[in-house]
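Here is a short tour for anyone meeting this structure for the first time. Take a look at it, then read on.

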Amino acid sequence: MAVKDKDISLRLTPEKAFSEASIRKALHLSPSDEFVILRRSTDARRQDVYIDLLCRINPSSPVYKETVFRQADPSKGQVLIVGSGPAGLFAALKLLEHGLKPIVFERGKDVHSRRVDIAKISTEGVVDPSSNYSFGEGGAGTYSDGKLYTRSKKRGDNQGVLELFVQFGAPSSILYEAHPHIGTDKLPRIIENMRECILSHGGEIHFQSLVTDFLLSGNSVKGCVVKDLVTGSVTEFSGPVILAVGNAARDTFRMAHSLGVAMESKDLSMGVRIEHPQHLIDCIQYHNKNGRGLYLPPAEYNFAVQTSYNGIRRGVYSFCMCPGGFVVPAASDRSQCVVNGMSPSNRGGKFANSGLVVEFLSDGPEFEDPLSVVRYQEELEKKTFLAAGSSQKAPAQRVTDFLSDHLSSSLPSSSYTPGLTSCLLSEVLPPEISTPLKEGLSLIGQKMRGFITEESILIGTETRTSSPVRFLRDPLTLESTSHENLYPCGEGAGFAGGIVSSAIDGMRCASSILDKLLF
Ligand SMILES: Cc1cc2nc3c(=O)[nH]c(=O)nc-3n(C[C@H](O)[C@H](O)[C@H](O)COP(=O)(O)OP(=O)(O)OC[C@H]3O[C@@H](n4cnc5c(N)ncnc54)[C@H](O)[C@@H]3O)c2cc1C
């Protein structure tokens, strides 16, 4: 009888790991045997690069389960969700698992209309304040790299989030890749599938609908006030509120603060994007002057070093590295210049980019005001915009010139399509960021030979690595400590960073409401 559910680890050359026939041979399978991959990672620590696989022979049950959604039952009540990013959408899906009706408000447009507005940022340098890389259906996660790994192991069910992504159209390889990613070309369709599921099960999604206020009875939130951004009309909705507005919703942070919602300023790393030719990164990371060859993926990197400024330790680290990707204009208002990165599913672009950021500590009396880091961010984004000649042509400098404080007389080609402005970045960035950045780059250059090169550029500025505020909430119920029936959620609330952890936080907030209303 064929052996069932046997797990076998393999270490193969990239070429052998590329072909199913070679894997089958290495597993000594007979023609009737089946196998699935449970885990796949690349080990490039030494000269010879290997692919490590964990395979299950003849699995007796499917390796992932599908979630069943129920039709919303209006008699059970409704839950208002502000924001359709990963936190908001996964909260809505969790409610529908139990038949509770979600009503989602999204200030931005649906994914298709949003794509047009995003293209205009590059072609015309025009940022629509309600439809951009931060705002619109799917939130900041839609036009992103779609990297789906999180450092957090504690916050709940990573696997559950990945399984839902697969259920809505992501490739099943995300379930076993050590560093799963979806790609910006595939994400919009997946988000549309989630929308269709929410609507077909009786939920509601309102686009171009800005939540401007909460309905309060004392310290209890009874609902919210929604402005239709097309007609200007204002409507009130009632129900508990999941506030999943992401890290760029500064007007909403201000509104919540003015109502006395408990929050504090939060540490936030800021810096620049660094971009290299992908081939160079492949050569460095795979220890091969010819690059990655036919069977290896575009190489990634990841580093963290310690520097100090004015006697205070400041970490400098890579953030959201995008192999084969693009640096994108991620501002959400007209007089800001902000950069971020994304890549398509095949990571086939010519460049590798990553955030290169410095820990920013919001301690000290100047950060006692909960909105103080918001203002710091705003000032830096405005200064960057001015350095860019009041445009989206982001300030940039060759890495070698940044280290020697010379203006770059020319800039190498870049994936950043709005264009670049040659600048002294040390005049754009405050010293508490630019000084550690210089020291950090020198240390990184010692660790990764070839990383500091004339061909690499720094593009300013990366200011939105997480939220500038943290809402205070009860650790068990996740309700605001100041307001009943308000659930600050996801990255904007300061409890998540990235797609997966925001989605998990959304599901946790929904579960807390389900516990209160149904069980
Ligand atoms: C270019 C780019 C690339 C990225 N790449 C990755 C990556 O590869 N992997 C990763 O894990 N993370 C990535 N991120 C970060 C990731 O997108 C966020 O961590 C995640 O989307 C946060 O989810 P969220 O639901 O908390 O908030 P968001 O996704 O920011 O969603 C919040 C939503 O709320 C809406 N909103 C705000 N205020 C209001 C209001 N008052 N009324 C109505 N609607 C409102 C906004 O329009 C927005 O759509 C990237 C971000 C960007 C910008």
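By class, the residues in the shell around the ligand come to 15 nonpolar, 17 polar and 5 charged. Here Ala, Val, Leu, Ile, Met, Phe, Trp, Tyr, Cys and Pro count as nonpolar, Asp, Glu, Lys and Arg as charged, and the others, Gly among them, as polar. The shell holds 37 residues, and the closest are A87, E106, A140, E491 and I499; a residue is in it if one of its heavy atoms lies within 4 Å of the ligand.

Before going further, note that this is a predicted model, where local features need pLDDT of at least 70, side-chain atom pairs count only at pLDDT 80 or more, and totals for chains, interfaces and linings use all residues. Residues are numbered from 1 along each chain as its sequence is written, and side-chain values use heavy atoms, with hydrogens and water left out.

| Residue | Residue part | Ligand atom | Distance |
|---|---|---|---|
| P86 | polar backbone atom | oxygen | 3.2 Å |
| E106 | side-chain N or O atom | oxygen | 2.5 Å |
| T252 | polar side-chain atom | nitrogen | 2.9 Å |

On its own the ligand exposes 990 Å², and the protein buries 94% of that (areas by the Shrake-Rupley method with a 1.4 Å probe). Two or more shell residues come from each of α3, β7 (209–217), β16 (339–342) and α13, with β7 giving the largest share, 3 residues. Helices (H or I, at least four residues) and strands (E, at least two) are DSSP runs, numbered from the N terminus.

So where does the ligand sit? It lies between domain 2 (74–264 + 471–517) and domain 3 (270–462), because both give residues to its shell. Those bounds come from an automatic or database domain assignment.

Now for helix α5 (residues 158–167): 8 of its 10 residues are buried, so the rest of the structure largely encloses it. Buried means under 20% relative accessible area (1.4 Å probe, protein chains only). The buried residues of α5 pack against α3 (86–97), α6 (187–200) and α13 (499–517). Just after α5, G169 takes a positive phi of about 120°.

Finally, S265 sits in strand β11 (residues 263–265) and is buried at 11% relative accessible area. Its side chain reaches the backbone oxygen of F367 at 2.7 Å.

Technical notes: Buried < 20%, exposed > 50% of the residue type's maximum accessible area, 1.4 Å probe, protein only. Polar contact = N/O pair within 3.5 Å; in protein donor to acceptor, adjacent residues only side chain to side chain. Contact = heavy atoms within 4.5 Å.
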